[in-house]
Amino acid sequence: MTYRTMLTDYFAAAIAAASPRLVLPPALPKDLVRGKTFVLAYGKAAAEMALVAAETLDGPVTGLAVTRHGHGVDLSHTKIELIEARHPVPDDHSLQAGTRMLEFASTAGPDDRVIFLASGGGSALLCAPAQGITLAEKQAMTDALVRSGAPIQDINLVRRHLSRVKGGRLGAVAGARGAELLTYVISDVAGDDPALVASGPSIASNFYPEGALSVLLKAGVEVPEHVRSAIHGNQPATVVDHPVKVLATNGDALAAVESRARADGWNVIDAGKALTGDAATCGKAHALRAQMYARTPGRHLMISGGELTVTKARKDGQGGPNLEYLVGLMSALPHTAKIEALAGDTDGIDGTQDNAGGYLHASWVPQSDAAHALESNRTYPLVERFGGLIMTGPTRTNVNDIRLIAIEGAST
């Protein structure tokens with residue numbers, strides 16, 4: 001079996017470890033409520049989570065799932081509606097989902113149970129702008145923040161302050177008439193704080209308007225006075241305490257990889273489970289570390305997770321953070337290195353392209369070609385040229401990125 005085949009299998013194992021069909025059924029309540037169960041799901045795993053919930057829960061189940069275009073499943077045989085919307089910048093479908101989700105939440109009463117199913121991507125997919133802010137303004141601010149390379153936690157801080165559903169506001173509406181609340185989360189955030197996944201529609205968060213404004217100004221976004229007023233006026237939500245369970249994390253996915261790799265005889269090196277920052281810079285740093293292990297006898301597999309970003313994105317660029325990481329790695333490796341690597345996003349989409357990520361071998365890529373691809377933000381055509389694109393299609397889960405570096409150590 002080639003190393004490429006093994007790395008691809010390990011990536012598939014990481015995705016499987018975070019499958020809603022695996023992690024959600026054991027966590028769902030087994031008892032019945034007197035009224036209805038409302039399932040409100042948002043994120044790239046939302047449709048699959050909603051389907052699993054509909055198939056597992058007893059009694060009347062209704063609700064809504066909003067997911068990314070192309071990430072839906074057939075919910076027609078259930079009473080759960082499905083809306084597909086745009087990511088990472090919201091669209092009219094995102095706005096429709098926000099409006100409809102608030103309608104469902106507001107009808108839940110004391111005999112009902114509301115189950116929130118959160119996964120990464122929900123921040124863009126579920127949209128209800130704060131009073132005084134239009135969808136177009138929110139789109140423009142989100143697009144500017146994404147293109148600036150701002151860390152996702154900063155982008156989501158702004159999103160919470162521009163929303164009528166995020167930061168626990170949806171949960172506050174659902175619990176206002178005494179409904180029982182439950183939240184289940186598939187985490188795509190470093191540290192796995194459930195309040196940060198999808199910007200926490202069912203979980204209250206800190207109110208920090210000056211921080212949100214600071215993020216916008218740092219990204220070069222002009223903030224009109226009415227937007228400042230809307231951010232300051234969008235007061236925090238009060239959500240009744242309720243059970244919140246994180247079902248799957250990037251750490252769980254990496255653990256699945258590590259278990260498989262150790263069984264196959266690899267020396268596994270943990271390079272970090274919650275890495276953030278510039279993708280190409282991280283790749284170059286990992287190249288130096290990989291070369292150190294290349295001087296050590298044995299087969300070494302360096303694994304890492306988290307969410308890296310492209311901090312110098314060009315409008316005509318092609319390629320997400322996983323390809324930037326890979327090309328950054330290769331740009332710092334000698335052509336003779338016996339090192340190959342795979343990097344991919346567990347949701348099946350690297351940035352805004354059609355690939356989950358890619359695979360490269362150090363012997364394939366001239367350093368000058370790698371440097372040019374990074375400078376022009378066109379890593380996709382480079383990896384495509386070598387047949388290295390990883391195409392999984394939508395995986396309907398999301399626990400962020402998995403990066404695997406296979407190192408053939410020195411012979412004894």
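Student: Which residue forms a salt bridge with D143?

Tutor: Side chains of opposite charge can pair when their charged atoms come close. A salt bridge here means a side-chain nitrogen of Lys or Arg within 4 Å of a carboxyl oxygen of Asp or Glu. D143 pairs with R147, the closest N and O atoms being 3.4 Å apart. A word on the source: this is a predicted model, where local features need pLDDT of at least 70 and side-chain atom pairs count only at pLDDT 80 or more, while totals for chains, interfaces and linings use all residues. Residues are numbered from 1 along each chain as its sequence is written, and side-chain values use heavy atoms, with hydrogens and water left out.

Student: Where do D143 and R147 lie?

Tutor: Both sit in helix α6 (residues 135–148), four residues apart, about one turn of the helix. Helices are DSSP runs of H or I with at least four residues, strands are runs of E with at least two, and both are numbered from the N terminus.

Student: Which parts of the chain does the pair E81 and R100 link?

Tutor: Distant ones: E81 is in strand β3 (residues 80–85) and R100 in helix α4 (residues 92–107), 19 residues apart. Their closest N and O atoms are 2.8 Å apart.

Student: Is E48 buried or exposed?

Tutor: Buried means under 20% relative accessible area, exposed over 50%, and partly exposed in between (1.4 Å probe, protein chains only). E48 is buried at 14%, whereas R21 is partly exposed at 41%. The side chains of R21 and E48 meet in a salt bridge (3.3 Å, N to O).

Student: How many salt bridges are there by this rule?

Tutor: The count comes to 13.
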